[in-house]
Amino acid sequence: MPLADLTQHGAHVMTVCNACRYCEQYCPVFPAMEELRTFGKADLAYLANLCHNCGECLYACQYAPPHEFGINVPKTLAQIRVQSYQDYAWPRALGVAFTQRNLLTGIALAATFSAILALTARTLSPIDHTADFYAVVSHNVMVGLFGGVFLFAVAAMSVGVIRFLHDVRQNAQHSDWGLTRGQTRGQTPVLFRDILTLRHLHASGVDCVSAEEHRAPWRRWLHHCTFYGFLLCFASTTVAAIYDNVFGWRAPYGYASLPVILGTIGGTGLLVGSLGLWNLRRRRDRALTDETHDGLDESFLALLCLTTLTGLALLVFRHEPVMPWLLVVHLGTVLALFVTLPYGKFVHGLYRAAALWIAR
Amino acid sequence: MTAAREYDVVVVGGGNAALCAALTAREAGASVVVLERAPREFRGGNSRHTRNLRCAHDAPTAVLTGSYSEDEFYADLLRVNANETDESLARLLICRSKTCTEWMSKYGVRFQSALRGTLHLSRTNLFFLGGGKALMNAYYAAAERMGIDVLYDAEVVSIDVRECSVRLSASAKATAGPRRSASREGWQPDNSRGVRLQPDLRGKALILASGGFESNLAWLKEAWGDAADNFIVRGTPYNTGAPLRALLDAGAQPIGDSRACHAIAVDARAPKFDGGIVTRLDCIPLGIVLNQLGERFADEGEDLWPKRYASWGTLVARQPEQIAYCLVDAKAANLFMPSVFPPIVANTIPELAVQLGLSADRVGDTVTRFNDAVRPGAFNLEVLDDCHTRGLTPEKSHWAQRLDAPPYWGYPLRPGITFTYLGLRVDETMRVMRTDGAPMQNVYAAGEIMSGNVLRRGYIAGIGMTIGTVFGRIAGESATRAAR
């Protein structure tokens, strides 16, 4: 759907919803909508990023297709959400580039980075069985490369979130809802609890739906596996970096060491979560989701999955001759994951948290 | 011709009353079939457009605040019906309404918490989480789990009240869902293999829960004359009243007036059918309402809006061409629920009149006279305030403010019929009564088709769903007993 049509359709959907309001206790989208009378592009981006696509409101809707009003809130907001990731991406050109053929782009990037690392590696033939990663890729290259990419990703995502917040707020000042904002401020702990527990994925007391009257907790639990798995892996890397740079304890670390334990638990969570979510989204009612979302979801899940698999393989086979190859593939995949973070599905968490922060 | 399929209980209809009756009968052990006239996507009759159920209760609950005694409920009902109702049925309805929450929860219906968004009705009315369609989804899912056969597109062609049998049009389709329970004796949903469905169904007992006749334009015309052409039907297009007509023709005793109905003022741009809740306009007490001649014809501020909401359908129906126009100014813009259609906007009253297709002179004159008649007062929409006019016919008794702050907004209004009251007289077991005063054997009615026993003219919010739920359950119990 062209951009102008998408905004227009979104405004139509929200106008019907705002005159009905039967869904107002499902989730924060509807109370936020009730404070508006007209729906511009920034308003729609804000509402879309409050939506967790739990699906309840589609099946409850008396105006859902084939009704002539054709209201499908989860799908419409999913489309607007993807558009908002593109609109607020920085630099914008990269955002647009990455939204085309995402799965292919992700895999190709991982392969390219791996190849470059392989070509520039100090050696690819095993010297001994010490599992010395820095013998393959030097310490300085690793720190410089990953530090740089990490900082870039953080900067790009920060710009996106700041632009999103600015846009939504600016718009708020032009409409009457700005007046009622702030009445419920001061509930930051509740906000963090909501974000960290995915409360709005089961906002109405039970779990989100995969089809009419089919409610199950799996989407939430698998998301928890993925998100907390990701955090544990990140923690593992951070601890390893501290070991290395502060204490001068060089990798590889033993199986009972903190980085390995955190990484193993986190990696398992990531693997279970990402494969589970992938499987789940294939089984969900297609009416709830938007095709343009598929590539975003798939490439992110694929890179997460590959990163984990290569990471765990590296852990198991680090004393074997295949180690240098596993290392370059793992590092290449991690690089691809981080480079695409600001332009892929990862940002949903940031915009969602920002939207919840505005709505609190 | 093969023998008719036989069930203990055949339920005609697929809305709230029908499903409550079917679930009750099935729970009591009866084999049950539900005949829904609509396709699956539009199942649930007018219940899919509802949102709440009026319910007596003695103490606050998680979903209701305060308490609402049976006597208070009864007094509210009497007041809107000018003291006309069947007292024993009304008392039965109210008494049994107390058990609704628990029964509904058992079948998966969920409720809103009473704290927010319940239109100041949280003391008297239960609000369904997600509204009536979510409620119907829960009931249909329960029906599937329990092995009730559901036929969609099941148009009833004729009803034999002696045999408790119905003839269906050939369009009927059996439930087709992945979770459908294994076929039992009785209906074999076989259309997937191209086998033509047997159009005759026989029950040991029959329950009519097929709603009123509000989507039957010809029948509305019999009652209202040509005015009916301009009515908008707020709900399902499938309530044609065919089963009601069949029963009346078979000697059932009618109750209620064929013109008695629930009708509100809706936006004239609404679709002819199924526009539901979003086409209603809540701005009437904030402005003035003119007919096609540019004249006011009723007191826009007679009482608090929830109490007058359901009277404006008939008021507009009595105007020339059944059309009216509500005018408000910028002061009112944010004081009412937004409607789905944008207002018609102009910077002066004459310009607005022209845009609405009215005479600029007459409208200008009416507004000037209205503005001159407005007495000063303290505007407060929450109470019957002291802002009123003096010297007009009709006066505006509350919330009268001068129309003087541009831009001016106009909304065209039409009568929006929600449902009809003419129905079948029943006794306390929901047996349908004959004109000779004797009950029909094993024929029961529940829901809108018998709402006229309790509702004669007025309406109180949420009582339609109470009638469907309570009387549906009683009909289910009675039919199961009769089928044994």
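In the predicted model, A:Tyr46, A:Asn49 and A:Leu50 of helix H3(A) meet A:Tyr351, A:Arg352, A:Ala355, A:Leu356, A:Ile358 and A:Ala359 of helix H15(A). Sorted by class, the residues of this contact between H3(A) and H15(A) comprise 7 nonpolar, 1 polar and 1 charged. The axes of H3 of chain A, which spans residues 41–50, and of H15 of chain A, which spans residues 347–359, come within 8 Å and cross at roughly 105 degrees. Because angles of 65 to 115 degrees count as roughly perpendicular, H3(A) is therefore described as roughly perpendicular to H15(A).

Chain A as a whole contains 15 helices and 2 strands, and its C-alpha atoms fill a box of roughly 70 × 40 × 40 Å along the principal axes. The radius of gyration of chain A is 22 Å, which agrees with the value near 21 Å that a compact globule of 360 residues would have. Of the 360 residues in this chain, 42% count as buried. Among the contacts in chain A with a separation of 6 or more, 75% are accounted for by residues 24 or more positions apart.

Chain B is divided into domain 1, made up of residues 5–214 + 421–483, and domain 2, made up of residues 272–416, and the C-alpha centres of these two domains of chain B lie 37 Å apart. Between the chains, 27 residues of chain B are in contact with 24 residues of chain A. On the side of chain B that touches chain A, the residues divide into 10 nonpolar, 10 polar and 7 charged.

Methods. Residues numbered from 1 in each chain as written. Chains lettered and ligands numbered in written order. Predicted model: local features only at pLDDT ≥ 70, side-chain atom pairs only at ≥ 80, totals over all residues. Contact = placed C-beta atoms within 7 Å. Nonpolar A, V, L, I, M, F, W, Y, C, P; charged D, E, K, R; others polar. Axes fitted to C-alpha atoms, helices over the stretch in contact; angles between N-to-C directions. Helix = DSSP H or I, 4+ residues; strand = E, 2+ residues; numbered from the N terminus. Parallel < 35°, antiparallel > 145°, perpendicular 65-115°, else oblique. Domains from an automatic or database assignment. Rg over C-alpha atoms; globule rule 2.2 N^0.38 Å. Buried ≥ 20, exposed ≤ 12 C-beta atoms within 10 Å, placed from the backbone.
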